[in-house]
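Subject: Structure handover

Hello,

Here is the structure for you to open. My notes follow below it.

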Amino acid sequence: MASELQVTTIRGVPSGVNANKIILPSGQILQAPGHIVQIVNNVFANTPASGSSQTISASNSSTEITGLATTITPKLAGSHFLVQCNVMYGQNAAGWMHCKFSRDVNSTYQAELQENSWYAKEQYGGGIESRPWFNHLDTGASYSLGDTITYKFYANTQNHTTLTINWNNNGINKSTSYVTVMEIAQ
């Protein structure tokens, strides 16, 4: 039998080890629409020791940027997911660049979510550029609790350009791209 408790304020005890804390026992979830349930942050870094970068040559077909694939396992039914993707990259010549991302559920493709295009300036021999590729609220994920949702990112270029993810101009600096996924309760 369900019951409802109505209060104006809830406070933790004022002293002791857990002073001013309200603790939910393990396995219990406080469900409040609009609050962040969990955050998954994927850092794809190019350090001098690891050399983690990826080169994409001019092509009409998209190539997955494997270091950016990010997986989250929802904790609540019906959640939305805020996906933010910032990428450090360089391009060998000015030309068009296209990027897109998709959602897989349990390793099965579900939907392409967004595509962006822009005219990139030449970066090799100069600095690198950090561009926020995506800031997208995914409200259409169809999943069951226990499923895994994976966001995958792709890019392609035109005009005989080459795109390097996490490129740096002197081989000793660090370049970092990242994806952050936030589960938001509904």
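Is Cys99 buried or exposed? Cys99 counts as buried, at 1% relative accessibility. Buried means under 20% relative accessible area, exposed means over 50%, and partly exposed is in between (1.4 Å probe, protein chains only).

Some ground rules before the rest. This is a predicted model, where local features need pLDDT of at least 70, side-chain atom pairs count only at pLDDT 80 or more, and totals for chains, interfaces and linings use all residues. Residues are numbered from 1 along each chain as its sequence is written, and side-chain values use heavy atoms, with hydrogens and water left out.

Cysteines

The disulfide count is zero, a disulfide being a pair of cysteine sulfur atoms within 2.5 Å. Cys85 is in no disulfide; its nearest cysteine sulfur belongs to Cys99, 7.6 Å away. Cys85 is buried, at a relative accessible area of 0%. Cys99 is in no disulfide either, with the sulfur of Cys85 as its nearest, at 7.6 Å.

Core

In soluble globular proteins, nonpolar side chains tend to be buried together. The largest nonpolar core here has 28 residues. Such a core is a set of buried Ala, Val, Leu, Ile, Met, Phe, Trp, Tyr and Cys residues joined through side-chain atoms within 4.5 Å. Trp133, Tyr151 and Phe153 touch the most other members. Several strands each supply at least two residues of this core, including E1 (36-46), E5 (80-91), E6 (95-105), E8 (129-138) and E9 (149-157). The largest share, five residues, comes from E5. Strands (E, at least two residues) and helices (H or I, at least four) are DSSP runs, numbered from the N terminus.

Aromatic pairs

There are six aromatic pairs. Rings of Phe, Tyr and Trp (its six-membered ring) pair if their centres lie within 6.5 Å; planes under 30 degrees apart count as stacked, over 60 as edge-to-face and the rest as tilted.

Phe101 and Tyr151 form a tilted pair, 6.2 Å centre to centre with 50° between the planes. This pair links distant parts of the chain: Phe101 is in strand E6 and Tyr151 in strand E9, 50 residues apart. Phe101 is buried, at 0% relative accessible area. Tyr151 is buried, also with a value of 0%.

How far apart are the ring centres of Phe101 and Phe153? The centres are 5.2 Å apart and the planes are at 10°, so this pair is stacked. Phe101 in strand E6 and Phe153 in strand E9 are 52 residues apart, another link between distant parts of the chain. Phe153 is buried, with a relative accessible area of 0%. Ring pairs join Phe101, Phe134, Tyr151 and Phe153 into a cluster.

Charges

The structure holds three salt bridges. A salt bridge is a side-chain nitrogen of Lys or Arg within 4 Å of a carboxyl oxygen of Asp or Glu.

Lys100 bridges to Glu112, with the closest N and O atoms 3.6 Å apart. Lys100 is in strand E6 and Glu112 in strand E7, 12 residues apart. Lys100 is partly exposed at 23% relative accessible area, and Glu112 is partly exposed at 38%. Lys100 also lies over the face of Tyr154, at 6.0 Å from the ring centre. For that, NZ of Lys or CZ of Arg must be within 6 Å of the ring centre and within 35 degrees of the ring normal.

Asp138 bridges to Arg103, with the closest N and O atoms 2.7 Å apart. Asp138 is in strand E8 and Arg103 in strand E6, 35 residues apart. Asp138 counts as buried at 1% relative accessibility, and Arg103 is buried at 3%.

Asp104 bridges to Lys152, where the closest N and O atoms are 2.9 Å apart. Asp104 counts as buried, at 5% relative accessibility.

Backbone

Most residues other than glycine have a negative phi, and most peptide bonds are trans. Asn20 has a positive phi, near 60°. Asn20 sits in the segment before E1 and is exposed, at 60% relative accessible area. Ser107 has a positive phi too, near 65°. Ser107 lies in the loop between E6 and E7 and counts as exposed at 69% relative accessibility.

Best wishes
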